[in-house]
Amino acid sequence: MLTVHHLGKSQSERIVWLCEELAIPYSLKVYDRDANTRLAPPEYKALHPLGTAPIITDGDTVLAESTAIVEYILARYGDGQLSVPPSDPAYADYLYWFHFANGSLQPALMRNMVLARAEVPADKPVAQFADARRQQALALVDKQLGNTHYLAGNVLTAADIVAVFSLTTMRLFYPYDLSPYPNILAYLQRIGARDAYRHAMKKGDPDMEPMLA
């Protein structure tokens with residue numbers, strides 16, 4: 001049985017959502033963050049040497065890293081859903097946006113979060129550089145979503161499932177303003193209207209209102 005080990009308010013929400021979109025059988029085990037450190041509890045860290053979310057187990061397989069997990073589940077259980085085949089003209093776009101979330105957008109947000117928590121003044125060159133990269137990444141997403149309903153075209157794909165955390169729940173850890181990006185805000189309303197997304201968020205984080213605005 002595929003088991004999703006979900007750490008509350010983390011990138012593992014992507015995997016819960018993926019399973020709900022695919023409507024595949026899975027077991028969900030939810031872990032609460034340590035009340036003091038806000039990190040994963042010891043039983044979660046025992047699953048994998050890095051102890052970072054998400055983690056899945058599937059028989060004897062233990063797998064971490066959200067994009068690797070998404071690819072694994074799509075290959076094993078997806079039956080062609082939520083992905084784009086190499087023969088499709090949109091294949092390159094799908095690949096780009098699938099990897100953009102953790103390759104460009106999430107690192108840009110993490111840099112800003114670290115600098116903010118270190119109380120680096122906003123007028124310092126390193127802070128200005130980081131914020132410029134954040135704005136550049138968000139502007140690119142907004143531009144794309146002005147042309148298509150979803151990141152890789154007009155249907156939802158795994159590229160969206162990987163990207164949405166950075167635009168929503170990540171703002172619990174690093175608050176930032178999406179008002180300059182109307183196409184992103186419209187996109188998040190489309191995401192929030194999906195039954196699978198709503199079910200996933202209620203199952204994984206029932207005490208949290210999804211940050212869709």
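Five salt bridges are counted in this predicted model, a salt bridge being a side-chain nitrogen of Lys or Arg within 4 Å of a carboxyl oxygen of Asp or Glu. Side chains of opposite charge can pair when their charged atoms come close. The model is predicted, so local features need pLDDT of at least 70 and side-chain atom pairs count only at pLDDT 80 or more, while totals for chains, interfaces and linings use all residues. Residues are numbered from 1 along each chain as its sequence is written, and side-chain values use heavy atoms, with hydrogens and water left out.

One of the bridges joins Lys9 and Asp207, with 3.3 Å from N to O. Lys9 sits in the loop between strand S1 (2-7) and helix H1 (13-22), and Asp207 in the segment after H9, 198 residues apart. Helices (H or I, at least four residues) and strands (E, at least two) are DSSP runs, numbered from the N terminus. Lys9 is partly exposed at 21% relative accessible area, whereas Asp207 is exposed at 60%. Here buried means under 20% relative accessible area, exposed over 50% and partly exposed in between (1.4 Å probe, protein chains only).

A further bridge pairs Arg194 with Glu21 at 2.8 Å, N to O. Arg194 lies in the loop between helix H8 (182-192) and H9, and Glu21 in helix H1, so this pair ties together parts 173 residues apart in sequence. Arg194 is partly exposed at 23%, and Glu21 is buried at 16%.

Arg134 and Asp131 also form a salt bridge, their closest N and O atoms being 2.8 Å apart. These two residues are three apart in helix H5 (residues 125-145), about one helical turn. Arg134 is buried at 11%, while Asp131 is partly exposed at 24%.

Next come the pockets. On a 1 Å grid over the protein atoms alone, a pocket is an open set of points where a 1.4 Å probe fits, with protein on both sides within 12 Å along at least five of seven lines; lining residues have an atom within 4 Å of a point. The largest pocket holds about 590 Å³ of space. Its lining has 26 residues, with Gln11, Arg33, Thr52, Ala53 and Met110 nearest the centre. Helix H4 (91-117) and helix H7 (170-173) are the elements that give two or more residues to this lining, and H4 contributes the largest share, six residues.

The second largest pocket holds about 160 Å³. Its lining residues include Gly192, Tyr197, Arg198 and Leu212. Helix H9 (residues 195-204) gives the most to that lining, four residues.

How values were computed:
Points joined across faces, edges and corners; volume = space filled by probe spheres on them.
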